[in-house]
Amino acid sequence: MRAVLQRVTQASVTVGDRIVGSIGSGICVLVGISQDDTQDDMEYIARKVLGLRIFDTSSGMWKASVQDAKLEILCVSQFTLYGKTTKGMKPDFHSAMKSDRSRQFFDDFVALLGRSYCPEKIQTGEFGAMMQVALVNDGPVTLQLDSRKFSYDAQDPDQAAKAAAKLAAKEQRRSKFDKVIPPSA
């Protein structure tokens, strides 16, 4: 599961000509769900969203979480966070969870945030709709979260072997290049 978290002074989601979600100060969270995500991924991202200390207090910078400061959260489902752009010019979204399952997963994520915090302070976009997201980024502060950043390769031995082979090939190409143009000291 991935999320892009932005500290905002205000944010809103519009579908057509109607505003479907709107907050004042708080965080706007773009949420991407992969095919392999589980309850553990959901809980990890929820803990980070609620607990990251990205707000200032009278005692200093980076001292309070959205929950500590009692601010609002706008969650927007965004499957494009799992877009791959390594081949060709058209993004590949096959790693994103299919919409029939991801709708429930997203709803469960929002419900978990509500149970852990305050449901009245949480707004959402409209799942599956073409949305316009407007926000005023405060800082700017933008953070990327990934529930499996350090564990994708470890979970699948075949994937780990492929990643190791790719890395070895990359190092081999780099060493050939270094012979032509030595790295600077």
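Me: Is F93 buried, partly exposed or exposed?

Reply: Buried means under 20% relative accessible area, exposed over 50%, and partly exposed in between (1.4 Å probe, protein chains only). F93 has a relative accessible area of 31% and is therefore partly exposed. Please note that this is a predicted model, in which local features need pLDDT of at least 70, side-chain atom pairs count only at pLDDT 80 or more, and totals for chains, interfaces and linings use all residues. Residues are numbered from 1 along each chain as its sequence is written, and side-chain values use heavy atoms, with hydrogens and water left out.

Me: How many aromatic pairs does a search of the whole structure find?

Reply: A pair of aromatic rings is described by the distance of the centres and the angle of the planes. Rings of Phe, Tyr and Trp (its six-membered ring) pair if their centres lie within 6.5 Å; planes under 30 degrees apart count as stacked, over 60 as edge-to-face and the rest as tilted. The search finds two such pairs. F79 and F93 are edge-to-face, at 5.0 Å centre to centre with 75 degrees between the planes. F79, at 48% relative accessibility, is partly exposed. The other pair, F106 with F127, is tilted, at 6.2 Å and 40 degrees; both of these residues are buried.

Me: How many disulfides are found?

Reply: A disulfide is a pair of cysteine sulfur atoms within 2.5 Å. The whole structure has zero. For C28, the nearest cysteine sulfur, that of C75, is 8.2 Å away. C28 is buried, with a relative accessible area of 0%.
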